[in-house]
Amino acid sequence: MAKAQTFAEKVAKASAIRGVKCPQCGTVRIPLLYVASARSAKTGNWRFQGKRVQVCKCNEKEIYG
Ligand SMILES: [Zn+2]
């Protein structure tokens, strides 16, 4: 029983590192660097803006298109 407990703790720790489960859809959220291109109004140059997002079933359609 002690071994089983240890294993369960290891699994819990591993899943904690991988991601947090979304309370709404139950899918593990995957951290993703979402890159959007935006044109600067001042210089006219294209810039890339990266932001970190947590992707789950709730917003995967928005992210992946
Ligand atoms: Zn979700």
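Helices (H or I, at least four residues) and strands (E, at least two) are DSSP runs, numbered from the N terminus. Residues are numbered from 1 along each chain as its sequence is written. This is a predicted model, in which local features need pLDDT of at least 70 and side-chain atom pairs count only at pLDDT 80 or more, while totals for chains, interfaces and linings use all residues.

**View 1. The protein chain as a whole, with 2 helices and 2 strands.** Read along the sequence, these elements follow the pattern α-β-β-α. Of the 65 residues of the protein chain, 2% count as buried, where a residue is buried if 20 or more other C-beta atoms lie within 10 Å of its own, exposed if 12 or fewer, and partly exposed in between, with C-beta atoms placed from the backbone. Two residues are in contact if their C-beta atoms, placed from the backbone, lie within 7 Å, and among contacts between residues at least 6 apart in sequence, 33% join residues at least 24 apart.

**View 2. Confidence along the protein chain, expressed as pLDDT.** The predictor's confidence in each residue is given as pLDDT, from 0 to 100. The mean for the protein chain is 84, and 85% of its residues reach 70 or more. Confidence is lowest in helix 1 (residues 2-18), with a mean of 70, whereas strand 2 has the highest, at 89. Where pLDDT is low, the predicted coordinates should not be read in detail.

**View 3. The hairpin of strand 1 and strand 2.** Strand 1 (residues 30-39) and strand 2 (residues 46-55) pair in the antiparallel sense over 10 bridges; two strands pair if DSSP finds at least two bridges between them. Proline 31 has glutamine 54 of strand 2 as its bridge partner, and arginine 39 has tryptophan 46, also in strand 2. There are 6 residues between the strands of this hairpin, in which glycine 44 takes a positive phi near 80 degrees. Strand 1 lies largely in the open because the number buried among its 10 residues is 0, and strand 2 is likewise hardly covered, with a count of 0 buried residues among its 10.

**View 4. Leucine 33 in strand 1.** This leucine 33 counts as exposed because 8 other C-beta atoms lie within 10 Å. Not counting residues up to four places away in sequence, leucine 33 touches Gly50 and Arg52. Between leucine 33 and lysine 51, which are 18 residues apart in sequence, the C-alpha to C-alpha distance is 5.6 Å.

**View 5. Leucine 32, also placed in strand 1.** Leucine 32 is classed as partly exposed because it has 14 C-beta neighbours inside 10 Å. When its neighbours within four places in sequence are left aside, leucine 32 is in contact with Val53, Val55 and Ile63. The C-alpha atoms of leucine 32 and isoleucine 63 are separated by 9.5 Å, although the two residues stand 31 residues apart along the chain.

**View 6. Valine 55 in strand 2.** Valine 55 is partly exposed, since 19 other C-beta atoms lie within 10 Å. Its contacts, leaving aside neighbours within four places in sequence, are with Arg29, Ile30, Leu32, Glu60 and Ile63. Valine 55 and valine 28 are 27 residues apart in sequence, and their C-alpha atoms are 8.2 Å apart in space.
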